[in-house]
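Please read the following account alongside the sequence and the model. It takes the sheets, then the helices, then the cores and some individual residues.

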Amino acid sequence: MKIRICVVGELMTNCILIQNEETGEILITDPGDNAGRIVKAVKDAGGKPVAILLTHAHNDHTGAVEELRRIYDGIPVYIGEHETDLLSDGERSNPFGESTGITADVTVQEGQVLELAGLSMKVLHTPGHTAGSVCYYFEKEKVLIAGDTLFFRGYGRTDLDTGSPEEMDKSLERLFTELLGDVVVFPGHGRKTTIGSERTVYGF
């Protein structure tokens, strides 16, 4: 696995490209803006994108989805099963402006194991930032794509539509107790970190 981070949009969202180095296939996670920049990063990687994974519905993580669908001939979009209503509502999914709602091609659920691009990942339902937020856990590679559930020394805000501080506390506790300390966390914004490093900050 090779991971590249393409920072996009005004909110500096991490669009993360996950590439199977053997097949060249690429997973695009949270393409929030700047489709052209993402396409260039894919081209520079010399691979073929096969799926778009969304951690949640906010527009700063989904804004380039439709353009990438056109460029990559209907590439399938995945999102958590409890996030579809928010994704389809352009007003609620974009608290910072106006946008058009979109739909996903595939919904995923807690505990589901996905086999995409020759890689295996487990879906973790981690509500708090939004009710349907998910993380994608690559257990073999010890990598967590965390979206806005966990940042370096922080986490996503919980005061937006469907957010919940109580659920966020539960989701963080789950990550800190279930995952090993050396799991590398790639957040939706900011620098990468590890479960162990963040666990000590939160006292777990």
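The paragraphs below go through the structure by sheet, helix, core and residue.

This is a predicted model, in which local features need pLDDT of at least 70, side-chain atom pairs count only at pLDDT 80 or more, and totals for chains, interfaces and linings use all residues. Residues are numbered from 1 along each chain as its sequence is written, and side-chain values use heavy atoms, with hydrogens and water left out. Helices (H or I, at least four residues) and strands (E, at least two) are DSSP runs, numbered from the N terminus. Two strands are taken to pair if DSSP finds at least two bridges between them.

By contrast, β4 pairs with strand β5 (residues 77-80) in the parallel sense over 2 bridges, with I52 opposite V77 in β5. The pairing of β5 with β6 is also in the parallel sense, over 3 bridges, and G80 has V108 in β6 as its bridge partner.

Contact, here and below, means heavy atoms within 4.5 Å.

Next comes the nonpolar interior. A nonpolar core is a set of buried Ala, Val, Leu, Ile, Met, Phe, Trp, Tyr and Cys residues joined through side-chain atoms within 4.5 Å. Buried means under 20% relative accessible area, exposed over 50%, and partly exposed in between (1.4 Å probe, protein chains only). The largest nonpolar core has 25 residues, of which L17, I28, I38, I52 and L68 touch the most other members. Two or more residues each come from β1, β2, β3, α1, α3 (65-71), β5 and α4 (84-88), and α1 gives the most, with 6 residues. Apart from this core lies another, of 19 residues, among them A51, L119, V123 and F186. Leaving out residues up to four places away in sequence, L17 touches K2, I3, R4, I26, L27, I28, I38, A41 and V42.

A further open sheet is also made of 6 strands, in the order β7-β8-β9-β10-β11-β12, with mixed pairing. The edge strands are β7 (113-116) and β12 (193-194), which each pair on one side only. Within this sheet, strand β10 (residues 143-147) and strand β11 (residues 184-187) run parallel and share 4 bridges; L144 has V185 in β11 as its bridge partner.

Which residues of helix α6 are buried? In this helix (residues 195-202), they are I195, G196, E198 and R199. Seen down the axis of α6, the buried residues fall within an arc of 165°, so they line one face of the helix; the arc is that of the directions from the helix axis to the C-beta atoms. These buried residues pack against β10, α5 (165-178), β11 and β12. After α6 comes G203, whose phi is positive, near 80°.

The aromatic residues are next. Rings of Phe, Tyr and Trp (its six-membered ring) pair if their centres lie within 6.5 Å; planes under 30 degrees apart count as stacked, over 60 as edge-to-face and the rest as tilted. The whole structure has 2 aromatic pairs. In one of them, Y155 and Y202 have ring centres 6.3 Å apart and planes at 45°, so the pair is tilted. Y155 lies in the loop between β10 and α5 and Y202 in helix α6, so the pair ties together parts that are 47 residues apart in sequence. Y155 is partly exposed, with a relative accessible area of 38%, and Y202 is partly exposed at 26%. Together with F176, Y155 and Y202 form one aromatic cluster.

D73 sits in the loop between α3 and β5 and is exposed, with a relative accessible area of 73%. A117 is in the loop between β7 and β8 (119-125) and is buried, with a relative accessible area of 7%.
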